[in-house]
Amino acid sequence: MLRLLVISLTLALAAAAAAAPVSPDPVEVTTDNETPVLYDDDEGGNASGDDPAIWVHPTDSSRSIVIATAKEGGLRVYDLASAELQSIAAGPAPRADGVDGRYNNVDIAYDIPLGGEVVDVAVVSDRFNDQLRFWVIDPLGADAATPLAEVTAPEQEFLFSEDRAEVDEEHTAYGVAVYQPRDGTTYAVVTQEGDTTIATVRLVTAGGKIGYTDITHLEMPGEFPLPDGTTWVPCEEPGILPQLEGVAVDQRTGTLYATQEDVGLWRIALPLGSSEPRLVDKVADFGVHDAWNEETEECEPIDPGAPSFGGPNLVADAEGVDIYYGPGRTGYVLVSSQGDDRFAVYSLAGRNRSLGTFRVRGVGVDDVNGSDGLAVTNRRVGEYRKGLLVTHDEPETGPGIDPDRDPTSFSYVHWGEIARALHLRVDTTRGNDPRLR
């Protein structure tokens, strides 16, 4: 079912006042912990890091793990010291027309009944097969010989395509987030590569495998009215619409936060279509009319002196998004501002006012550059006593790194350092984990 969403002028521009940051300058936090470099070439297995997820062990936080996508390079599993525990190839999807996968984003579903047991599951978007895939997480976590084992049910529906020919056009599954309301159901939210559509599905189990059903689509805006009377269409390469990627769900309220890369941060009620979405914040060049240059294969301003209607916190692309749960109903929405190597922080409550931005500097490792996906937990995990942020880093730089091989990695940051720098609250007792309800 496809629902068409039309955004009014008031809605599209409503967040301007709320988006003003506490300080126009980013604060700095540090990291000394990053994963081994991945290389996106034949020698490196075409591994390009993209999106992480943090699995919190139920009884021994030191055995928690980080699961990360590496696109055509598959999945990587790391311990809290960023050592690689497992490398999983992006093998064919379990379907008659299945091809080798391209794993884009990952999230965690907790407490899924499966084969007479209750398990935790890594939920992964597979772009080359336009579907979700599923891996059971070994309860030993970092102590397991192989922490992940695939349990994807065969012949799952394509999420955005009618047939394999349309899948090959690559307008397919992209970002993913898990939503687990208190009624015991589990849903996934999925965005579409190169398009403006969002999908939700309900996870189901049978025969020791996990699949999904009840696919629902919602089309988000691809053009926006401006105060000067013009209509702004974000410039993209031919055949591409302004896509969304990063998604995260506030498990306490059923509110979806989604980044539209060249537009900004959206707040969307679940179920999809139950109310009109709100644009929380806009990228800096929102409203600047560009044109595609075939020679340079870049978007270039039609009038370099034209004004912008954007905000100060995000420079396209707006990419990863996740939620840190604070005490009570409080908390924070984190967004990676890929265009200027910053991270923006918004209040989870009320109108999602901006609380400032930060950058991550390396101590003995490189700074975080061009972050794509990120994950944050408010739970204590090992030495990260106030929570942990894990973020993608591209390009990975430093001694011995070959910049011509498209190097990427993931960096770990103490939440306590972020909280001190931006005067944020800390809580380690609750969060997105239904095991604590």
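Strand β7, residues 75-78, and β8 pair in the antiparallel sense, over four bridges. Within that pairing, the bridge partner of Y78 is E84, in β8. This is a predicted model, so that goes for everything I say here.

The two strands belong to an open sheet of four strands, ordered β5-β6-β7-β8, with antiparallel pairing. β5, residues 52-55, and β8, residues 84-88, stand at the edges with a single partner strand each, so one side of each has no neighbour in the sheet. On average, neighbouring strands here are turned by 20° against each other, direction ignored.

Next, the cores. The largest nonpolar core has 36 residues, and L265 and V333 touch the most other members. Elements that give two or more residues to this core include β19 (244-250), β21 (264-269), β25 and β26 (331-337). What is V333 in contact with, leaving aside neighbours within four places in sequence? The list includes Y257, L265, V321, I323, A344 and Y346, and also D322 and S347. Another core lies apart from this one; it has 34 residues, among them A47, V56, V66 and V124.

Last, N313. Where is it placed? N313 is in the loop between β24, residues 298-301, and β25, residues 318-325. Is N313 buried or exposed? Its relative accessibility is 0%, so N313 counts as buried. The side chain of N313 makes a polar contact of 2.9 Å with the side chain of D281. The C-alpha atoms of N313 and S354 are separated by 8.1 Å, with the two residues 41 apart along the chain.

Terms used
Residues are numbered from 1 along each chain as its sequence is written. This is a predicted model: local features need pLDDT of at least 70, side-chain atom pairs count only at pLDDT 80 or more; totals for chains, interfaces and linings use all residues. Side-chain values use heavy atoms; hydrogens and water are left out. Buried means under 20% relative accessible area, exposed over 50%, partly exposed in between (1.4 Å probe, protein chains only). A polar contact is a pair of N or O atoms within 3.5 Å; within protein, one must be able to donate a hydrogen and the other to accept it, and residues adjacent in sequence count only if both atoms are side-chain atoms. Two strands pair if DSSP finds at least two bridges between them. Axes are lines fitted to C-alpha atoms, for helices over the stretch in contact, and angles run from 0 to 180 degrees between N-to-C directions. A nonpolar core is a set of buried Ala, Val, Leu, Ile, Met, Phe, Trp, Tyr and Cys residues joined through side-chain atoms within 4.5 Å. Contact means heavy atoms within 4.5 Å.
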